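Have the sequence and the 3D view open as you read.

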Amino acid sequence: MVGLALSLVTVVSADAQNRPATFADLAEIVSPAVVNITTSTVVAGRTGPQGVVPEGSPFEDFFQEFGEDGPRRSSALGSGFVISADGYIVTNNHVIEGADEIEIEFFPGDNQPSKLLPAVLVGTDPNTDIALLKVEYDTPLSFVSFGDSNGPGSRVGDWVMAMGNPLGQGFSVSAGIISARNRSLQGTYDDYIQTDAAINRGNSGGPLFNMNGDVIGVNTAILSPNGGSIGIGFAMSSDVVSNVIDQLEEFGETRRGWLGVRIQDVTADMIDAIDGLQEARGAMVTDVPAGPAEDAGMESGDIILQFDGIAIEDTRELVQIVGNSPVGKEVPVEILRGGEMVDLTVVLGRRETAEAVAFPLDGDTPDEGTPNTSNMLGMTLSEITPDMEESLGVEAGSGLVIVEVEADSGAETKGLLAGDLITEAGQQNISSIADFEARVEDAQEAGRKSLLLLVRRDGAPRFVAIGLE
């Protein structure tokens with residue numbers, strides 16, 4: 001035991017020597033490419049009652065300066081970094097959003113611009129909170145390059161360095177480690193690196209460097225109860241940002257791949273209800289409107305297990321891979337259908353122009369009416385009545401309407417609500433109570449513990465596995 005303890009101490013001591021003695025050399029190399037960003041916007045004057053002070057009051061100047069009713073200019077500060085010698089600059093969309101003037105301040109030094117330079121907006125991507133700017137200067141600018149945010153030097157526990165303009169204090173450096181990877185905050189394409197390097201307001205849009213001086217993230221957000229750094233900061237990964245920047249530079253906008261399906265995660269309770277499903281992974285197709293997926297032969301109920309040679313774990317991963325794929329690319333897709341593997345080839349469309357057409361806002365929930373009903377699996381079900389047809393926007397016989405959900409039932413646990421429309425049971429279309437009863441009987445005879453239902457709410461479909469016991 002003593003020998004083992006000594007060995008462990010030796011290993012720990014050796015690893016401790018890998019800590020950088022200083023970040024000074026790295027900061028000196030990359031700092032000329034980091035910039036402060038000042039934005040200016042005209043905002044409307046205040047409306048409503050204003051303060052009134054007597055003439056000659058000591059507060060008269062204050063109210064004249066700050067109480068004017070007319071339009072005024074508001075300014076904000078942020079950070080960014082230069083990615084090319086000809087003046088392309090990356091920052092956050094929220095740093096420059098709504099600004100009518102953008103000015104760039106460079107790190108002081110030899111051959112650096114000594115005055116503020118006006119910047120023009122090349123393009124933005126609100127989905128990833130990234131913006132691309134451009135400045136003109138008569139000599140080449142210092143710049144930094146993107147690194148691999150999934151490569152060496154980007155692991156949890158690796159050292160990183162952040163630079164920017166925190167709280168308007170100017171060029172500032174902070175250091176820490178990568179605390180976590182693949183964080184999702186709220187966006188569709190989120191892939192954040194979490195770090196304990198100090199990030200504060202004003203750091204937004206600044207770079208997060210690995211120890212090679214490569215940008216592996218764009219500092220974007222912090223988690224804080226008081227507005228200041230508590231060691232939980234987030235930087236959008238360079239693998240996401242570099243792809244967005246390439247598109248903004250080429251097109252002035254993003255052009256993401258589009259598969260043209262609605263999907264949901266595969267859950268553990270679906271395994272027993274789906275033939276051939278061995279584990280809870282993949283993306284289950286809930287709706288296939290006119291588009292690339294329909295053209296390729298994809299159907300509702302298919303489970304996408306592989307896309308372009310990449311095994312799919314969940315819907316988030318599929319959305320990110322599809323979005324990063326070029327428009328017009330022919331992609332092999334491997335799906336599970338009816339217990340068998342099926343290979344399809346999809347030619348991707350463009351998300352920005354296709355999504356609103358493929359998935360328009362749907363109408364109201366169905367009118368319950370007074371139809372004949374049947375109580376099954378914790379639900380009161382009804383065939384579609386004429387009164388329901390108009391509110392649903394569907395024809396009679398296209399499914400069953402849930403009229404009531406029993407309290408504490410499996411249906412309630414799964415989130416089913418009165419007004420939901422069940423269009424499939426056991427991955428087969430249903431048009432009547434008799435169809436539904438037959439699917440339940442088939443599942444029970446097959447020894448299944450649950451039945452897979454395709455449920456639509458406000459037109460949006462999802463699969464739910466409901467217990468038969």
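## Strand 17 and its partners

F307 stands opposite V333, a residue of strand 19. That contact belongs to an antiparallel pairing in which four bridges join strand 17 to strand 19 (residues 330–337). Keep in mind that this is a predicted model.

Strand 17 also pairs with strand 16 (residues 283–287), again antiparallel, through two bridges. Here I303 in strand 17 is the bridge partner of M284. How buried is strand 17 (residues 303–307)? Four of its five residues are buried, so the rest of the structure largely encloses it.

## The hairpin

Strand 17 has another antiparallel pairing, with strand 18 (residues 310–311), over two bridges. In that pairing Q306 stands opposite A311. The two strands make a hairpin with two residues between them, and D308 in the turn shows a positive phi of about 55°.

## Salt bridges

The count of salt bridges comes to 16. One of them joins R337 and E299, with N and O 3.7 Å apart. This pair links distant parts of the chain, since R337 sits in strand 19 and E299 in the loop between helix 6 (292–296) and strand 17, 38 residues apart. Both ends are partly exposed: R337 has a relative accessible area of 24%, and E299 comes in at 41%. There is also a network, in which salt bridges with shared partners join E253, R255, R350 and E352.

Another salt bridge brings the side chains of K414 and D269 together at 2.6 Å, N to O. K414 is in the loop between helix 10 (410–413) and strand 25 (421–425), while D269 is in the loop between strand 15 (262–265) and strand 16, so the pair ties together parts 145 residues apart in sequence. K414 is partly exposed at 27% relative accessibility, and D269 is partly exposed at 30%.

Then there is D158 with R155, whose closest N and O atoms are 3.4 Å apart. Which end is buried? D158 is, with a relative accessible area of 15%, whereas R155 counts as exposed at 55%.

## A negative patch and an exposed glycine

On the surface, D86, D246, E249 and E250 gather into a patch of negative charge. E249 belongs to helix 5 (residues 238–251) and counts as partly exposed at 40% relative accessibility.

Elsewhere, G98 lies in the loop between helix 4 (93–96) and strand 4 (101–106). G98 is exposed, at 58% relative accessibility.

Technical notes
Residues are numbered from 1 along each chain as its sequence is written. This is a predicted model: local features need pLDDT of at least 70, side-chain atom pairs count only at pLDDT 80 or more; totals for chains, interfaces and linings use all residues. Side-chain values use heavy atoms; hydrogens and water are left out. Patches are made of residues with over 30% relative accessible area and no salt bridge: like charges are joined within 9 Å, nonpolar side chains (Val, Leu, Ile, Met, Phe, Trp, Tyr) within 5 Å. Accessible areas come from the Shrake-Rupley method with a 1.4 Å probe; for residues, only the protein chains shown count as cover. A salt bridge is a side-chain nitrogen of Lys or Arg within 4 Å of a carboxyl oxygen of Asp or Glu. Lys and Arg count as positive and Asp and Glu as negative; His and the chain ends are not counted. The place of a charge is taken as NZ of Lys, CZ of Arg, CG of Asp or CD of Glu. Buried means under 20% relative accessible area, exposed over 50%, partly exposed in between (1.4 Å probe, protein chains only). Two strands pair if DSSP finds at least two bridges between them.
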